[in-house]
Amino acid sequence: MIRAGASALALMALAASPARADELRDAVAADLPALVELYQDLHANPELSFQEVETAAKLAARARALGFEVTEGVGKTGVVAVLRNGEGPTVMLRADMDGLPVIEQTGLPYASKRRAVAQNGTETGVMHACGHDTHMAAWIGTAQQLVARKADWSGTLVMILQPAEEIGEGAKAMLDDGLFTRFPKPDYVLAFHDAAQFPAGQIGYAKGFALANVDSVDIVVPGVGGHGAYPHTTKDPVVLAASIVMRLQTLVSRELNPTDSAVVTVGSFQAGAKHNIIPDEARLQLTVRSYSDKTRAQLLEGIARIARGEAIAAGMPEDKLPLVTVADPYVPATFNTPALTERVVARLQPRFGEKLFEVPAVMGGEDFSQFHRADRENVESLILWVGGVRASEWDKAQAGEITLPSLHSPFWAPDAPVVIATATEALTAATLDLMAKR
């Protein structure tokens, strides 16, 4: 059921837009109650990465009913829906499906009570704490609008539901399963992500890099353990690992150009089990963020060099040097191709006015990046941010009265009607422009 006043609030927000209300906006508003009902069902029934079986089947059935050629099980649980409508470009629209291993604490009447077993074997609560439920609802909303407007566009529409974005593997899994060979290869790829950093109904875009390379690095630091009272008889891996942690801070501050953004964060330092025992091993876990492939390579080389150099300085023999492992696959940086970005922004600016604005790139990661990287010469891509913070909460946060939850928070609850309506209108308008009959 739709919360009382939810659709009315969305309509009021849309009516407040500087752009004149038009037929598309009215049509989206008419579809909104059913889309919010779908959103609430998706929110209450999330599934973890590569477990999106019910979600995929539910949305595949809707796409099939709209007239799409639908293939399920692409990249394990992904869905590809194709609608051919004459000669013209091929546009791909993507929504991600997976939830997170988070116990929901929003207090919403349709809050998730689902539990599942994560990849590490741990039973956990499951929540759409990243807003993928709004992505899917807007995906259906956009499909409905484009089907209703087949007379206005020409070309091939490919709409995909991607699994496993949260673990950074779903896009690659679909590509490895023939997304660009078994199905029409796109000229343009579009998507959006809800945003917890600005008000609902606003749209942010970055031209060029939008999100970062994401690498996970593990460092095992060997030592020679012993009694804490006799450190001279040991090779203390805690001290060595601490030296590595401190030296890593110089990678960004002293080795990169100051205008080149990057992050090297040690998120976990594990060693020992008792006060008076020097352990024989320490373990570090790092997250490494960058934009360009060159900077990424420089950081990863630097991490390996520093780990080895600090161990040699500590007198460790060759057979006890640190072991540095970089997780594969990694999540590549997302790049909004400038030409497509400029074209879509020009199309959306008259419609959204000041609600559409440029934002800086962020150090978060998104495997949407894989689609452009699969063929950089021929596939253009753009991901937009759609603000999700309720107006009342935004005002309180600006006044210092509350702190807003972030994406992945158990308290994150976007203003779903406004997010869905805004994203549906934006994606539909952009696609109609890219596929307009000439």
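Trainee: Which residues of H3 are buried?
Mentor: This is a predicted model, so treat each value as computed from it. Buried means under 20% relative accessible area. In H3, the residues that count as buried are Thr55, Ala56, Leu59, Ala60 and Ala63.

Trainee: Within what arc do the buried residues of H3 fall, seen down its axis?
Mentor: Look along the axis of H3. Its buried residues line one face of the helix, because they fall within an arc of 120°.

Trainee: Which exposed residues does the face of H3 turned away from the buried side carry?
Mentor: Exposed means over 50% relative accessible area. On the face of H3 turned away from its buried side, the exposed residues are Val53 and Ala65.

Trainee: What do the buried residues of H3 pack against?
Mentor: Both helices and strands take part. The helices are H2 (23-44) and H4 (132-148). The strands are S1 (69-74), S2 (78-85) and S6 (155-162).

Trainee: How far apart are the end C-alpha atoms of H3?
Mentor: H3 covers residues 53-65, which is 13 residues. At 1.5 Å a residue, H3 should span 18 Å. The model agrees, with its end C-alpha atoms apart by 18 Å.

Trainee: How many of the 17 residues of H4 are buried?
Mentor: H4 reaches 24 Å from its first C-alpha to its last, close to the 24 Å expected at 1.5 Å a residue. The helix is mostly covered. Of its 17 residues, the number buried is 14.

Trainee: Which residue in the turn between S1 and S2 has a positive phi?
Mentor: S1 and S2 pair in the antiparallel sense over five bridges. Val70 stands opposite Ala81 in S2. The two strands form a hairpin with three residues between them, and the residue in the turn with a positive phi of about 65° is Gly75.

Trainee: What is the relative accessible area of Phe50?
Mentor: Phe50 lies in the loop between H2 and H3. Phe50 is not a glycine, although it has a positive phi of about 65°. Phe50 is buried, and its relative accessible area is 15%.

Trainee: Is Ala164 buried or exposed?
Mentor: Ala164 sits in the loop between S6 and helix H5 (170-176). Its phi is near 55°, a positive value in a residue other than glycine. At 0% relative accessibility, Ala164 counts as buried.

Trainee: What is the omega of the peptide bond from Asp328 to Pro329?
Mentor: Pro329 is in the loop between strand S15 (323-326) and strand S16 (334-336). The peptide bond from Asp328 to Pro329 is cis, with omega near 5°.

Trainee: What separates the C-alpha atoms of His43 and Val126?
Mentor: His43 is in helix H2. His43 is buried, with a relative accessible area of 1%. Leaving aside neighbours within four places in sequence, its contacts include Glu104, Tyr110, His128 and Asp133. His43 and Val126 are 83 residues apart along the chain, yet their C-alpha atoms are separated by 9.9 Å.

Technical notes. Residues are numbered from 1 along each chain as its sequence is written. This is a predicted model: local features need pLDDT of at least 70, side-chain atom pairs count only at pLDDT 80 or more; totals for chains, interfaces and linings use all residues. Side-chain values use heavy atoms; hydrogens and water are left out. Helices (H or I, at least four residues) and strands (E, at least two) are DSSP runs, numbered from the N terminus. The expected span of a helix is 1.5 Å times one less than its number of residues. Buried means under 20% relative accessible area, exposed over 50%, partly exposed in between (1.4 Å probe, protein chains only). The arc is that of the directions from the helix axis to the C-beta atoms. Contact means heavy atoms within 4.5 Å. Two strands pair if DSSP finds at least two bridges between them.
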